[in-house]
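Let's walk through a few local features together, one at a time. Have the sequence and the model open as we go.

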Amino acid sequence: NFTGEPLPIKFRVPSVKNVCAVERRLIVLPSTRPSSIVVRWGDDEVIETDSEISASAGEIMEELKYCVYDESGKELALGGIYSQVKVNWTNKIDKEMLKRGFLPSIQVPRSISESKYCEVSLSGSGSPLECNCGFTIKPTAGKLASIACTPSSENILLTCESAFSLKVYCADRLGNKLENLPEDFLERLTVEGVGLQGKEAKFS
């Protein structure tokens with residue numbers, strides 16, 4: 001109960017019957033020690049603990065900020081806390097940056113098949129406090145940068161006119177395959193080549 005209202009408490013000695021119970025009124029106040037860390041990214045987007053964050057592969061996540069709160073939810077000044085802040089994605093930490101409430105930038109993995117777990121924690125003198133915020137970064141493919149084609153059959157007669165299928169793969173600048181293409185992608189896709197009847201190409 002952090003409302004500041006007095007709570008009636010009775011003290012008894014069960015083994016001694018002739019001792020009367022003593023009643024006192026106690027006021028329970030929240031601890032002013034750090035209790036939770038909140039991390040924000042960009043335009044004050046809150047990163048929830050144990051959440052999964054999507055970011056473009058190879059991107060550098062900047063403008064990461066943090067706040068520390070006590071048990072009552074009151075934000076604490078960072079003056080006596082920032083030196084205890086630790087992160088698991090880099091050993092190089094600018095203390096002045098931490099003092100102003102900023103965290104080091106995070107390098108997002110270059111492949112969408114990888115993920116990266118990041119944690120911000122606060123450690124006390126000699127023993128760690130249960131005060132941290134951990135989240136997982138899941139890379140997503142970036143903008144379309146290249147197109148690759150693969151024939152559906154390994155046997156194609158180059159000297160004969162024939163119909164065959166091509167599989168088209170779209171990737172970002174890092175080679176990550178794009179799964180979600182624009183709705184008008186097929187309408188804008190063209191095929192050109194020597195001896196190739198591109199106007200008769202059909203896309204699906």
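Q: Is Cys 67 buried or exposed?

A: First, some ground rules. This is a predicted model, so local features need pLDDT of at least 70 and side-chain atom pairs count only at pLDDT 80 or more, while totals for chains, interfaces and linings use all residues. Residues are numbered from 1 along each chain as its sequence is written, and side-chain values use heavy atoms, with hydrogens and water left out. Now the term: buried means under 20% relative accessible area, exposed over 50%, and partly exposed in between (1.4 Å probe, protein chains only). Cys 67 is buried, with 14%, whereas Cys 20 counts as exposed at 66%.

Q: How many disulfides are there?

A: A disulfide is a pair of cysteine sulfur atoms within 2.5 Å. By this rule the count is zero.

Q: And how many salt bridges?

A: You look for a side-chain nitrogen of Lys or Arg within 4 Å of a carboxyl oxygen of Asp or Glu. That gives one salt bridge here. Asp 44 pairs with Lys 65, and their closest N and O atoms are 3.1 Å apart. The pair links distant parts of the chain, 21 residues apart: Asp 44 is in the loop between S3 and S4, and Lys 65 is in strand S7. Strands are DSSP runs (E, at least two residues), numbered from the N terminus. Both partners are partly exposed, Asp 44 at 47% and Lys 65 at 24%.

Q: Which backbone angle stands out at Asp 44?

A: Most residues other than glycine have a negative phi. Asp 44 has a positive phi of about 60 degrees, though it is not a glycine. Asp 50 also has a positive phi, about 65 degrees; it lies in the loop between S4 and strand S5 (51–56) and is exposed at 67%.

Q: Which residues form a negative surface patch?

A: Patches take residues with over 30% relative accessible area and no salt bridge, joining like charges within 9 Å and nonpolar side chains (Val, Leu, Ile, Met, Phe, Trp, Tyr) within 5 Å. Asp and Glu count as negative, and a charge is placed at CG of Asp or CD of Glu. The negative patch consists of Asp 43, Glu 45, Glu 62 and Glu 63. Glu 63 sits in the loop between strands S6 (60–61) and S7 (64–69) and is exposed at 54%.

Q: Which residues make up the nonpolar patch?

A: Phe 11, Val 22 and Leu 26, with about 250 Å² of accessible area together (Shrake-Rupley method, 1.4 Å probe; for residues, only the protein chains shown count as cover). Leu 26 belongs to strand S2 (residues 22–26) and is partly exposed at 40%.

Notes. Helices (H or I, at least four residues) and strands (E, at least two) are DSSP runs, numbered from the N terminus.
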